[in-house]
Amino acid sequence: MNLNNAHILVRLSPSHHALTFSWLDDALVVTHDIDKAKGSRQSKSHHIPREHVLRVAFDSKNGTLTVAYLRPKKKKKGPHLVVLNGVVQEDAWEATATWAQSVMKVVYDDNGIKPFRRLLVFVNPHGGSGNGVSIFNKIVQPTLQAAGCSLKVVHTDRQGHALDIVKTMELEYDAIVTVSGDGLVHEVLNGLAQHPTPVKALGTPVAPIPAGSGNGLALNLLGIKHGFDPAMASLNAVKGKPMRTDLFSLVQDGKRSISFMSQSLGLMADLDLETEHLRWMGDTRFMYGFLRGVLAFEPCPVQLSVKIAEKDKDKMAEAAYARNQTPFPSSKDAEAGSPSALPSLKYLPDDEEGWYTLEEPVLFVYAGQGPYVGRDYMAFPVSLPDDGLVDVLAMPLSSRKDTLSNITTGPSGESFWFPKLHYFKAYAYRVKTLSNKGNLSVDGERFPFKEYQVEVHPRLGTLLSLHGRYVTDFKPRTVENLKA
Ligand SMILES: Nc1ncnc2c1ncn2[C@@H]1O[C@H](COP(=O)(O)OP(=O)(O)OP(=O)(O)O)[C@@H](O)[C@H]1O
């Protein structure tokens with residue numbers, strides 16, 4: 001069927017106005033035919049981009065058409081869910097059924113997206129400022145159901161609940177949705193890593209719904225504009241495509257954990273872990289913690305050693321820019337190995353060859369992937385999901401003024417260019433603690449302040465993404481030359 005020639009007329013109910021659906025320029029056109037007073041009529045149309053159409057279904061038993069989509073709100077706000085149900089005249093039933101099927105094909109199959117996903121959803125009632133349940137009930141569940149997804153919903157009742165379920169589950173879901181912050185994603189990925197077939201299990205994509213404080217992963221997948229928008233994150237759960245991502249093994253005291261996002265020490269760990277009691281503030285607690293840390297201005301008692309892959313900032317920025325021009329590159333799966341074991345560790349703790357040790361005192365060390373670590377700070381603007389490397393930065397203990405002026409450029413990523421900031425792309429790094437007092441935060445979770453080592457496993461994890469890249473418009477200094 002040629003979608004562009006078809007107009008489907010639907011009467012919402014005897015007392016309501018009529019609607020006409022059509023398809024134009026890769027968008028669903030919804031035209032309201034409104035009966036005005038005194039017998040006059042008025043038509044009003046809006047265009048819904050293909051990406052925002054969730055479902056079109058025709059029920060041939062009673063002749064009703066259901067159309068669900070996310071409609072952009074006016075001004076700056078995100079989209080809201082619209083579900084329209086109406087009756088089609090009997091002589092148009094056949095054409096409507098064909099039209100509905102054609103739209104679903106364009107919206108899903110032609111883009112390689114499977115409709116009607118089976119989703120395992122974890123809702124943390126205590127994430128962020130405690131709004132997880134209401135965000136799920138009001139926005140997430142209605143959107144996923146409107147798209148025809150089937151849901152298995154678990155409200156977590158303790159820390160570790162999601163991990164315990166995931167590590168023994170049947171691998172039958174199209175994706176795992178977390179309604180919380182980054183801590184619940186950390187739990188789910190560690191559960192998948194402890195599954196009897198961990199490499200296969202980590203092929204199940206994870207889709208975060210922002211209901212935590214920092215929501216770093218949602219920001220990276222959806223961008224700064226939509227990163228805190230549960231409706232856009234729900235759209236990602238329905239229509240995002242699997243995107244392979246590197247994962248990190250963190251080994252501490254002989255115990256191996258999986259980290260997907262960040263490890264921080266010094267000021268950047270303190271501002272998170274020492275403001276836990278201020279969760280009611282939302283992500284403002286991080287700025288409060290930052291300013292407190294700058295006033296205290298204490299050195300971070302660690303020694304950092306790095307197995308460097310790249311230390312030229314311009315080269316890193318150019319490589320990131322080039323990768324981001326090619327969303328969803330034909331990335332391979334995790335490196336082949338046994339499906340019943342995680343990749344073996346390559347770097348031994350006593351291996352010294354080719355490691356660089358930073359001798360300077362530092363205010364903080366931050367390592368990880370994904371540009372944003374919060375709305376106020378793009379720590380890793382040149383990070384890529386699948387370069388097989390961990391970005392490691394260390395802020396020297398220069399001056400309070402330097403630190404403050406850096407953070408004011410925080411959301412733009414411009415602090416990357418601060419000449420005194422050490423920034424490495426690394427295969428691995430290790431930290432030795434020089435005191436027993438300090439904080440280590442891994443994906444926003446508290447870990448013991450003890451020595452540890454991190455190495456990268458290329459493309460071991462899977463996320464859902466609408467964009468096939470981290471959403472950032474950070475550019476190299478040489479961008480004009482690159483275009484030429
Ligand atoms: N029912 C529960 N009771 C207590 N803790 C829970 C429960 N369910 C999950 N958790 C734990 O709550 C912790 C915090 O959740 P999460 O990190 O997702 O939110 P957040 O800290 O507010 O967000 P972010 O990490 O983005 O700042 C996680 O360690 C998670 O394992």
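Leaving aside neighbours within four places in sequence, which residues is Leu-265 in contact with? I'll answer that in a minute. Ground rules come before it.

This is a predicted model, where local features need pLDDT of at least 70, side-chain atom pairs count only at pLDDT 80 or more, and totals for chains, interfaces and linings use all residues. Residues are numbered from 1 along each chain as its sequence is written.

Overall picture. The chain comes to twelve helices and 24 strands. Those are DSSP runs, helices being H or I with at least four residues and strands E with at least two, numbered from the N terminus. The C-alpha atoms fill a box of roughly 80 × 50 × 50 Å along the principal axes. A compact globule of 484 residues would have a radius of gyration near 23 Å, and the chain's 25 Å agrees. That radius is taken over C-alpha atoms, and the globule rule is 2.2 Å times the number of residues to the power 0.38.

Burial next. 43% of the 484 residues count as buried. Buried means 20 or more other C-beta atoms within 10 Å of a residue's own, exposed means 12 or fewer, and partly exposed is in between, with C-beta atoms placed from the backbone.

Now Leu-265. This residue is found in strand E14, residues 262–266. Leu-265 is buried, with 26 other C-beta atoms within 10 Å. Beyond its neighbours within four places, it is in contact with Cys-300, Val-302, Phe-364, Val-365, Val-431, Gly-438 and Leu-440. Contact means that the two C-beta atoms, placed from the backbone, lie within 7 Å.

H6 is mostly covered, with eight of its eleven residues buried. Among them are Gly-216, Asn-220 and His-226.

How does H6 meet H7? The axes of H6 (216–226) and H7 (230–239) come within 10 Å and cross at roughly 140 degrees. Axes are lines fitted to C-alpha atoms, for helices over the stretch in contact, and angles run from 0 to 180 degrees between N-to-C directions. H6 and H7 are therefore oblique to each other. Under 35 degrees would be roughly parallel, over 145 roughly antiparallel, 65 to 115 roughly perpendicular, and the rest is oblique. H6 contributes Ala-218, Leu-221, Leu-222 and His-226, and H7 contributes Met-232, Ala-233 and Asn-236. By class, that is five nonpolar, two polar and no charged. Nonpolar covers Ala, Val, Leu, Ile, Met, Phe, Trp, Tyr, Cys and Pro; charged is Asp, Glu, Lys and Arg; the others, Gly among them, are polar.

A second pair: H3 (161–168) and H4 pack at about 30 degrees, axes 7 Å apart. H3 and H4 are therefore roughly parallel.

Most residues other than glycine have a negative phi. Asn-215 has a positive phi of about 55 degrees. It lies in the loop between E11 and H6, and is buried, with 27 other C-beta atoms within 10 Å. Arg-459, in strand E24, has a positive phi near 55 degrees. Arg-459 is buried, with 21 other C-beta atoms within 10 Å.
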